[in-house]
Amino acid sequence: MRSPHSAAHKPGLSKHGKTLPRVITLGGDHTITLPLLRSVNKAYGPISVVHFDSHLDTWKPKVFGGAPSKQAAINHGTYFYHASQEGLLANDSNIHAGIRTTLSGLSDYDNDGYCGFTRIEAREIDTMGTAGIISAIRKRVGTKNPVYLSIDIDTLDPAFAPATGTPETGGWSTRELRTIIRGLEGINFVAADIVEVAPAYDTNAELTTMAAADTLFEVMTLMVKKGPLTVEGLGEGEEEL
Ligand SMILES: [Mn+2]
């Protein structure tokens, strides 16, 4: 019988030098990214994150939710703060895209910077265009290092993805998000998630789940086109910064 195709015997990108399979997670509450990053950390060490979201998700527990208990301090607006505190994020090589959240104050952006992130705001698509956004993300994470991709469906405008817990107006269209993700070809995405989809709140036409499924298609296509995460492929197509 033919054994399943695998590149596990080849030298890979992980810190133990193995070629590991990628993991894609679908949800649900964005807090799940914290345990996922902890697992990814065991395999790769500190990792760069490309984060599509309308919110920062780096809030300190006292700012977001009031942290009434130790357990409640970890939630879908604070998990990146905890990830940063736990040393899971690579220094200064993480980026948010699609941001348009209400802020508690300018200190939110300062704190976000301390967690190692820069930001592309949703409205910047009007001046930078999708090409400018793609270029900024590529420059930030490069094509050499392992990268984690986290996509909150609320990156999309509620017109395209209404079924989510914390919708924000003024977001990108499904076409724009798909174009931007397509532009990230060649980046070493070792794992990804697509989260905050709440099918029970969707329209009869199932707009949100359709957008999430097609976003997943784009992410999987990036990974398939890139091929296994072996060391041989490393460095090819590296851009000048
Ligand atoms: Mn989020």
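In this predicted model, helix 4 (125-141) and helix 5 (174-182) pack at an angle of about 40°, with their axes 7 Å apart. Local features are given where pLDDT is at least 70, and side-chain atom pairs count only at pLDDT 80 or more, while totals for chains, interfaces and linings use all residues. Residue numbers start from 1 along each chain, following the sequence as written. Helices (H or I, at least four residues) and strands (E, at least two) are DSSP runs numbered from the N terminus.

**Helix 5 and its partners**

- Two packed helices are described by the angle between their axes and the distance between the axes; the axes are lines fitted to C-alpha atoms, for helices over the stretch in contact, and the angles run from 0 to 180 degrees between N-to-C directions.
- Where helix 4 meets helix 5, Ile125, Thr130, Ile133 and Ile134 of helix 4 are in contact with Glu176, Thr179 and Ile180 of helix 5, a contact being a pair of residues whose C-beta atoms, placed from the backbone, lie within 7 Å.
- By class, this contact of helix 4 with helix 5 has four nonpolar, two polar and one charged residues, where Ala, Val, Leu, Ile, Met, Phe, Trp, Tyr, Cys and Pro count as nonpolar, Asp, Glu, Lys and Arg as charged, and the others, Gly among them, as polar.
- Helix 5 also packs with helix 6 (residues 207-226), at an angle of about 10° and with the axes 9 Å apart.
- Helix 5 and helix 6 are therefore roughly parallel to each other, a description used for angles under 35 degrees, whereas those over 145 count as roughly antiparallel, 65 to 115 as roughly perpendicular and the rest as oblique.
- Thr174, Leu177, Arg178, Ile181 and Arg182 of helix 5 make this contact with Ala211, Asp214, Thr215, Glu218, Val219 and Leu222 of helix 6, and the residues divide into five nonpolar, two polar and four charged.

**The buried face of helix 5**

- Thr174, Glu176, Leu177, Ile180 and Ile181 of helix 5 are buried; a residue is buried if 20 or more other C-beta atoms lie within 10 Å of its own, exposed if 12 or fewer, and partly exposed in between.
- Seen down the axis of helix 5, these buried residues fall within an arc of 165°, so they line one face of the helix; the arc is that of the directions from the helix axis to the C-beta atoms.
- The buried residues of helix 5 pack against strand 2 (48-52), helix 4 and helix 6.

**Backbone exceptions**

- Most residues other than glycine have a negative phi, and most peptide bonds are trans.
- Gly27 and Gly28 are joined by a cis peptide bond, with omega about 15°, and Gly28 lies in the loop between strand 1 (23-26) and helix 1 (33-44).
- Asp57, in the loop between strand 2 and helix 2 (79-85), has a positive phi of about 65° although it is not a glycine, and Asp57 is buried, with 28 other C-beta atoms within 10 Å.
- Asp92, in the loop between helix 2 and strand 3 (94-99), has a positive phi near 45°, and with 12 C-beta neighbours inside 10 Å Asp92 counts as exposed.

**The surroundings of Tyr81**

- Tyr81 belongs to helix 2 and counts as buried, with 24 C-beta neighbours inside 10 Å.
- Leaving out residues up to four places away in sequence, Tyr81 touches Thr58, Trp59, Lys60 and Cys115; the C-alpha atoms of Tyr81 and Lys60, 21 residues apart along the chain, are separated by 6.2 Å.

How values were computed: Contact = placed C-beta atoms within 7 Å.
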